[in-house]
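Hello,

Here is the structure for your files. My notes follow below it.

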Amino acid sequence: MQYNSLYYIIFLILCVALYYVYPSKMRWGILLISSIVFYILAGGIKALPFVLVSSLLIWLSSKGMTGLYDRAEKEAQDKLLSGKEKAAYMAACKRKCRNYLLLPTIVIVVGFLGYCKFFGSLLDCIARVTRGDRITWEVIVPLGVSYYTFSSLGYLLDVYWRKTKYISNYFQFALCVFYFPQIVQGPIARYQKLLPQFTRENRFDYHRVCFGIQLMLYGYFKKMVIADRLAIFTGHVLGDIGAYEGLVLVITLIFCSFQIYADFSGCVDIVRGTSQIFGIELDENFNHPFFSKSTAEFWRRWHMTLGTWFKDYVYMPTATSPWLIKLISKVKEKFGRKVAKNLNTIIPLMTVWVLTGVWHGTGWNYVAWGLYYGTIITSATLFAAKYKKLAELLHINMESRGYSYFQMVRTFCVFTVGRLITVPGSLHATWQMIRQIFKSFNPWILWDGTLYTLGLNYRNLCLAVLSLLLIRQISIWQERGSVREGIARKNIVIRWAIYYAAIFAIIIFGIYGPGYNAVNFVYGQF
Amino acid sequence: MEERVLKVLSEEFPEVDFTASNELVDDGILDSLTITGIIATLTMEFGITIPYEEIIEENFNSISGLAKMVERLQA
C-alpha cells in the first residue's frame with residue numbers, strides 16, 4: 001500500500017473516522033493500531049518483528065539509562081556531593097550508561113541497518129571475487145528502516161546526553177516509531193516533539209482538515225503529474241545510456257533533478273497533509289531548495305530533517321570530540337592557528353558527507369557523491385573570503401538580482417552534477433554517461449522533435465514543463481506567505497473551483513503506473 | 001571572565017560581532033561551523049573539556065552565557 005494508491009485513501013478515511021469517533025484519551029491508541037496495520041499492509045508482516053524488537057531494545061536502553069542517572073543523582077544528594085565531586089560522580093554514571101547500554105544498543109541497531117543496506121551487495125561482491133554462485137540469502141529489509149533507526153537513535157542519544165526525558169510508556173514510544181504518515185519516507189522525527197501532540201486533545205478542526213487535504217492534493221500533483229511523468233522520460237534514456245549523447249543526456253539529468261524534487265517533496269506534502277488531518281504537525285522537510293544561492297544553503301533547505309539529524313548527532317559530536325580537539329591543539333602548535341582552524345572544518349564536514357552518501361545508498365558511487373558534496377561545501381567555507389575578494393576584483397555586484405539568479409542556477413548545476421554521480425547506478429555507468437555527454441554537440445535536438453520520442457510525446461512534455469512552472473510560481477507565493485491561508489480567504493466559488501481544478505488535474509493528468517494507460521483512458525478524450 | 005572570553009573569540013573570529021545580540025544562535029549570527037570553532041578555541045585557550053550536553057543555545061546565545069559555561073567547567 002503506497003501513499004499514492006487508492007487503498008491508502010480508503011485506509012486514511014477509515015482511520016480518520018475512527019480517530020474522531022473515539023474519545024480523545026484513546027486516540028493515540030487508535031493511531032498506534034492504525035500504524036501497525038499500515039505497516040503490515042505496506043511492508044509485510046515478516047518485517048514487523050524486526051521493528052518491534054528494535055524499538056523495544058531502544059526503549060529498554062533509554063529506560064535503563066534514565067534509571068541509572070536518577071539513582072546516581074539521588075546517591076549524590078544523599079552523600080551531600082556538590083561541584084566537582086558531583087560532576088565526577090555523574091561522569092562515572094555516564095560512562096556506565098555509555099559502556100553497558102548506549103554502545104551495545106547502537107552496535108545492534110546500526111549493525112542491523114548495515115546488514116539491511118549492505119549484506120546483499122556484500123554477497124554480490126563475494127560471488128564476483130570468488131567467481132562462484134551467489135549465496136542464496138533473503139535479506140528482509142523492514143520498510144522505512146533508515147528513517148525509524150535514525151529517529152530512534154536520535155532519541156536514545158538525547159536521553160544519554162540528558163537533553164530529553166525518556167518516554168515512560170512503551171506503547172506511546174512505539175507510536176512515535178510506527179506513526180504511519182512518517183515511517184516510509186520521513187520526515188525524521190524528534191520524538192520529544194511528537195509525543196505531546198499525540199497525547200493532547202486533538203479536536204476535529206474543519207480548517208485544519210481542509211489545509212491537510214490541500215497539502216495532500218499538492219503532494220499528489222507533484223508526485224503523479226510531474227515526478228511520475230518525468231520518470232517515463234528519464235527511465236527511457238537511462239535504460240540505455242549508450243544509445244544517447246550530448247544534450248539529450250544533459251536534459252535527462254536536468255529532468256532527474258526536477259523529478260526527485262517533485263517525487264520526494266510531493267511525498268512529504270502527502271504525509272504532512274495526512275498528519276495535519278489528525279492534528280499532528282510533522283517537521284518541514286523542504287523549503288524551496290531550488291531558490292538556494294549556495295550548496296550549503298541548498299542542503300539546509302532539502303531533506304532538512306536529515307540535515308539537522310546529521311548536524312546534531314554526527315557533526316557536532318565529531319567537531320567537539322576530545323580526540324579532535326587534541327589533534328587540533330597539536331596541529332595549532334606545529335602549523336599555526338589557520339591550519340588548525342581549517343582542519344576543524346574539514347574533518348567533521350567530510351565525515352558527515354561521507355556518511356550522508358552511505359545513508360543514501362550502497363555502492364562506491366554514493367561514497368563519491370558524499371565526497372563531492374563534502375569537497376564543495378568545505379572549499380566554499382574555507383575560501384569564502386577569497387571568493388569575495390575575487391568578485392570585488394572582477395567588479396561583480398554580489399547584491400544584484402542578476403548575481404542572485406546566477407547563484408541559483410549555479411547551485412542547481414551543482415545538484416544536477418551530483419545526480420550524474422548516482423543516477424546511472426554505478427561509477428562505471430557515470431563515466432560512460434560523461435563520455436556520451438561530450439561525444440557530440442547536438443543543440444538541434446531541442447527543435448527537431450527528438451525529445452518527443454523519448455517516452456513522452458509533445459503534449460506530455462509540454463504538460464510536464466508547464467506543471468514545473470506552476471510549482472515554481474506556487475513556491476514564489478509560498479515564500480511570500482501561506483498559499484493555503486490565501487485560498488481560505490477567497491469566496492466559496494473560487495475556493496471550490498481551485499479544489500476541483502486540483503482534483504481533476506490529478507485525475508486527468510496523473511500517471512498511474514505501468515499497465516494503466518492513463519493517457520489513452522482520460523487524457524486522450526480531453 | 002566575560003572580557004577575556006570576548007577578547008579571545010573576537011581575535012579568533014573577527015568577522016563575528018559577539019556583542020551584536022543576546023541571541024547569537026537564534027538570530028543566526030553563529031552557525032554550526034562557528035560554534036564548533038568556538039568550542040575548539042575555548043577548549044584550547046582555557047584548558048577545559050566541553051561535554052556535548054553543554055552545547056545548548058542558552059550557553060552560546062551570548063558572551064555572558066559562554067563565560068558562565070567556561071567558569072562552570074573550570075570549577
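A residue is called buried under 20% relative accessible area, exposed over 50% and partly exposed in between (1.4 Å probe, protein chains only). A:Ser34 counts as buried because its relative accessibility is 7%.

Two points on the basis. This is a predicted model: local features need pLDDT of at least 70, side-chain atom pairs count only at pLDDT 80 or more, and totals for chains, interfaces and linings use all residues. Residues are numbered from 1 along each chain as its sequence is written, chains are lettered from A in the order in which they are written, and side-chain values use heavy atoms, with hydrogens and water left out.

A:Ser34 sits in helix α2 (residues 27–43) of chain A; helices are DSSP runs of H or I, at least four residues, numbered from the N terminus. Neighbours within four places in sequence aside, A:Ser34 contacts A:Phe11, A:Cys15 and A:Phe180. Contact means heavy atoms within 4.5 Å.

Now the interface. In chain A, 22 residues are in contact with 19 residues of chain B. The two chains, A and B, bury about 1900 Å² between them, 62% of it on carbon and sulfur atoms. That area is the accessible area (1.4 Å probe) lost on being put together, summed over both parts.

On the side of chain A that touches chain B, α4 (83–130), α11 (304–319), α12 (322–335) and α13 (337–360) each supply at least two residues.

Best wishes
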